[in-house]
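Biologist: I'm new to this one. Can we go through some of the labels and ask what stands behind each?

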Amino acid sequence: CPFRDRTREPTHPRCRTHGPRPNGEANPRAETDGGERALAHVLDGRPMRIDERLASGAPCFSFEFFPPRTDEGERNLGRALAELARLDPAFVSVTYGAGGTDHQKLKTLDIVSHARAEYGLEAMAHFTCVGATVEELRATLDRMRDAGIENVLALRGDPPAGETEGTGTPGGLSYSRGLIEL
């Protein structure tokens, strides 16, 4: 936690204990303070959002991942998440389906949910407006909400392969500002 020294009680008055993982299992990453409590990124009894962690002004670091395209890539990602979780990053982020297929885009949400549930990492989903209608974007935002994903990085996104400038998708959005307003 950016508010504490790992050898002492939390130094920020609102840092609290970290309970089990969302799936109910004990969190192996949690460090105990010598008693039954474990210290982590919790504010007023709930996990801190990324904006709250960054607002502290304390130094922090994060990792960014992209959805793997192969089974071997998925295994590598699982190993990387397990190893890097031990370093206690402030958060991890997952790019939005590099490659642009709907399957790749949905993998972003799966990876964010998995990082939170299995490794206790606060995770942020990248989200772009490229190649989707407003209706499709709203449906994806609904999936994020239903999955409990609160940290989202809204981006315009890179133009589709072969294009030098993004022209927007018919029925879609051209800029991230519109995505934020959804």
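Biologist: Why is Glu83 called partly exposed?

Modeller: Its relative accessibility is 46%. Buried means under 20% relative accessible area and exposed means over 50%, with partly exposed in between (1.4 Å probe, protein chains only), so at 46% Glu83 counts as partly exposed. Mind you, this is a predicted model, where local features need pLDDT of at least 70 and side-chain atom pairs count only at pLDDT 80 or more, while totals for chains, interfaces and linings use all residues. Residues are numbered from 1 along each chain as its sequence is written, and side-chain values use heavy atoms, leaving out hydrogens and water.

Biologist: Where does Glu83 lie?

Modeller: In helix α2, which covers residues 71–85. Helices (H or I, at least four residues) and strands (E, at least two) are DSSP runs, numbered from the N terminus.

Biologist: What makes you put the buried residues of α2 on the same side?

Modeller: Those residues are Gly73, Leu77, Leu81 and Ala85. They cover an arc of only 95° around the axis, which puts them on the same side of α2; the arc is that of the directions from the helix axis to the C-beta atoms. As a rule, an α-helix has 3.6 residues a turn, so residues three or four places apart point the same way. Their cover includes β5 (62–65) and α3 (102–119).

Biologist: How do you know that the length of α4 agrees with what a helix should span?

Modeller: The expected span is 1.5 Å times one less than the number of residues. Helix α4 (residues 134–146) has 13 residues and should span 18 Å; its end C-alpha atoms are 18 Å apart, so the two agree. The buried residues here are Val134, Leu137, Thr140 and Met144. Seen down the axis of α4, they fall within an arc of 120°, so they line one face of the helix. Glu135 and Asp146 are exposed on the other side.

Biologist: And Ser93: what makes that one buried?

Modeller: Ser93 has a relative accessible area of 4%, so by the cut-off it is buried. Ser93 is found in strand β6 (residues 91–94). Contact means heavy atoms within 4.5 Å, and Ser93 touches Phe63, Glu64, Phe65, Met124 and His126, not counting residues up to four places away in sequence.

Biologist: Why do you call the link between Ser93 and His126 a polar contact?

Modeller: A polar contact is a pair of N or O atoms within 3.5 Å; within protein, one must be able to donate a hydrogen and the other to accept it, and residues adjacent in sequence count only if both atoms are side-chain atoms. The side chains of Ser93 and His126 are joined by one of 3.3 Å.

Biologist: How do you know that β6 pairs with β7?

Modeller: Two strands pair if DSSP finds at least two bridges between them. 3 bridges join β6 to β7 (residues 123–128), and the two run parallel. β5 and β6 pair in the parallel sense too, over 4 bridges.

Biologist: What makes β5 and β8 edge strands?

Modeller: The open sheet has 4 strands in the order β5-β6-β7-β8, with parallel pairing. β5 and β8 (152–155) each have a single partner strand, so one side of each is left without a neighbour in the sheet.
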